[in-house]
Amino acid sequence: MAELRDLYQEVILEHSKAPRNYREPAGTNHKAEGYNPLCGDRFTVYLEMDGDSIRDIGFQGAGCAISKASASMMTQSVKGKTRAEAEKIFEQFHELVTGHSHEHEAELGKLAVFSGVSEFPVRVKCATLAWHTLEAALEGKQEKVSTE
Ligand code: ZN
């Protein structure tokens, strides 16, 4: 597991220790649960939608440093965005962490710290769990999301 230490960069550690938007917003009107059985990461993502815009977002749950930091940074990056904008960020983030494309690395800003995850396929599920859960919440699905 030593090589995984390279992934635990400062920003990831910092977010996992002090996750942002770690709460259920009072105006929550969409939510979804996500589970990554490979690692045991489990999160609920809460959304307060105002029409097509994400007025507020929060999450709660437990998981490894990568999944928690990714959830924290996901909430920061999509708050105030429209559904379409949030889906576009996820698409670019997904391309980056799966190693398919680094084309949008600059646009992704801080989220680019997860690019090293692409070398560890098992960790890709940790990094994308919160995003898949966000997508399910946006779609208003009630069933649990699993990365498997
Ligand atoms: Zn994990």
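Why are arginine 83 and glutamate 87 separated by about one helical turn? I looked them up: they sit four residues apart in helix α3, so about one turn lies between them. Helices here are DSSP runs of H or I with at least four residues, strands are E runs of at least two, and both are numbered from the N terminus.

I noted the ground rules. This is a predicted model, where local features need pLDDT of at least 70, side-chain atom pairs count only at pLDDT 80 or more, and totals for chains, interfaces and linings use all residues. Residues are numbered from 1 along each chain as its sequence is written, and side-chain values use heavy atoms, without hydrogens and water.

**Salt bridges**

I searched the whole structure and found six salt bridges (a side-chain nitrogen of Lys or Arg within 4 Å of a carboxyl oxygen of Asp or Glu). Arginine 83 and glutamate 87 form one, with closest N and O atoms 3.2 Å apart.

Next I checked aspartate 56. Its salt bridge partner is arginine 23, at 2.8 Å between the closest N and O atoms. Aspartate 56 is in strand β3 and arginine 23 in the loop between α1 and β1, so the pair ties together parts 33 residues apart in sequence. Aspartate 56 is buried at 13% relative accessible area; arginine 23 is partly exposed at 29%. Buried means under 20%, exposed over 50%, partly exposed in between (1.4 Å probe, protein chains only). I also saw Arg23, Asp56 and Lys79 linked in a network of salt bridges.

**Core**

I then turned to the largest nonpolar core, which has 39 residues (buried Ala, Val, Leu, Ile, Met, Phe, Trp, Tyr and Cys joined through side-chain atoms within 4.5 Å). Helix α5 gives the largest share, 10 residues.
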